[in-house]
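Subject: Structure handover

Hello,

Here is the structure I promised to pass on. Please open it and keep it beside this email as you read.

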Amino acid sequence: MKDYVSIGLLGLGTVGSGVVQLIQNHQEELQHQVGCEVRVKSILVRNTEKERDIQIGQTFLTSNPDDVLQDPDIDLVVEVIGGIEETRKHIMKAIQAKKHVVTANKDLIALYGPELLEAAAQNQVDLFYEASVGGGIPILRGLSEGLVSDRLKKVMGIVNGTTNYILTKMDEEGQSYETALKKAQELGFAEADPTADVEGLDAARKMAILARLAFSTNVSLDDVEVEGISSLSLEDLHYGQKLGYTMKLIGMAQIDDKKVEVTVQPTFLAKNHPLASVKNEYNAIYVKGEAVGETMFYGPGAGSLPTATAVMADVVAVIKNMRLGVNGKSVVAPRFKSVLKSPQERYGQFYFRLHLADEVGAFSNITTLFNELGISFEKILQTPLNKGELAEIIIVTHTVSLENFQKALMKLRDLPVVKDVISYYRVEGNGTQ
């Protein structure tokens, strides 16, 4: 057996540079953990002549994928190049060449994770992807190993740092969405095209991965209900503050009687909820289990070295498996098929804001309608508008089925006294519900 492990890297961007830096600077610690030297042999890049921030010899760089994927001396391929279809081919080629794979690619794992894991098991190699969710937070290993003996009931969190930064600036400093987004782009938290972040697509991919692991179900990306933050108004955030809430883009996965719901949506959190204090670009995932109760994972959700740390945790795990001869044996197939809850099986509290004719008896029409559907109110705010012609009404319901809340919204729009239903959002209490 070789007295070293040889790594091939696909990509030398932000995360790839962090991986090389950790291997270079933490070699003594790595050798102590795994009992052998860890070497980077080849790195796939688009342009081998490009100047880079990290010190790496030109001989390590290649623009030919096969120099990494087909080199018999390379034991482990680390994929940090991004993309989906072409990268899927690269990873499949590496697996079929009996190379272990570590990836940080959430898009790929969300779409093709089950297929790639099955191929890895068939070829008796490891495929690990800790860095695909939560940057430097060890959430996937926490779910698959640390909490493996528990029955997890709920996983919810802030899994996108870009949107959390924007909402923090809007909520705490009163910045407009456009101003906060521009600042996030200037700081490198948001891409030039921020669609995947602000429309919730990035968070949805991560929630599909988390739900699979937490509930041992074959949740697909199509199972995730998604709503972004681009249409949020400062008015709603202001009213939320008055009512004791803060707004976050929350990914939630919940299971009851083997039926799941997985959503990503703007959500008002009670100020004493564990996730409410998570600000700026930070991520946090709150987990509720039958045995453990409530626990939370918190940390930087992105960045070169935090994400590279998660990648290297997987690299160390692969190498330890190599030394023990147990590679490819950690894949556990889902126990359950993904069965989604119907709207009548989904429950929550809801905030809604509407414009109502400012006349005697108008509000009683609202209460009568909601009473008929068994919906009661927890909080109410009322503000006059337009010289007394309209009133702005903000209501937070008690817990109600999504089906009944949706029925109520439809009937509200048909009431003559209701001029407009402006907005509505989910509300989460203090985390113990």
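This is a predicted model, so please read everything below with that in mind.

Start with Q265. Its place is in strand β10, which covers residues 259-270. Is Q265 buried or exposed? Its relative accessibility is 13%. Buried means under 20%, so Q265 counts as buried. Now look at what surrounds Q265. Leave aside its neighbours within four places in sequence. Q265 is then in contact with E227, K248, L249, I250 and R426.

Next, the strand pairing. β10 pairs with strand β17, residues 418-428. The two are parallel, and three bridges link them. Which residue of β17 is the bridge partner of F268? That partner is V427.

β17 is also joined to strand β13, which spans residues 347-357. Here the strands run antiparallel, with eight bridges. To find this pairing on your screen, pick F352 and look for Y424 in β17, its bridge partner.

Last, the surface. Which residues form a nonpolar patch there? They are Y282, M296 and Y298. Together they have about 280 Å² of accessible area. Y298 lies in strand β12, residues 293-300. Its relative accessible area is 49%. Exposed means over 50% and buried under 20%, so Y298 is partly exposed.

To recap: Q265 is buried, and Y298 is partly exposed. β17 pairs in the parallel sense with β10 and runs antiparallel to β13.

Best wishes

How values were computed:
Residues are numbered from 1 along each chain as its sequence is written. This is a predicted model: local features need pLDDT of at least 70, side-chain atom pairs count only at pLDDT 80 or more; totals for chains, interfaces and linings use all residues. Side-chain values use heavy atoms; hydrogens and water are left out. Helices (H or I, at least four residues) and strands (E, at least two) are DSSP runs, numbered from the N terminus. Buried means under 20% relative accessible area, exposed over 50%, partly exposed in between (1.4 Å probe, protein chains only). Contact means heavy atoms within 4.5 Å. Patches are made of residues with over 30% relative accessible area and no salt bridge: like charges are joined within 9 Å, nonpolar side chains (Val, Leu, Ile, Met, Phe, Trp, Tyr) within 5 Å. Accessible areas come from the Shrake-Rupley method with a 1.4 Å probe; for residues, only the protein chains shown count as cover. A salt bridge is a side-chain nitrogen of Lys or Arg within 4 Å of a carboxyl oxygen of Asp or Glu. Two strands pair if DSSP finds at least two bridges between them.
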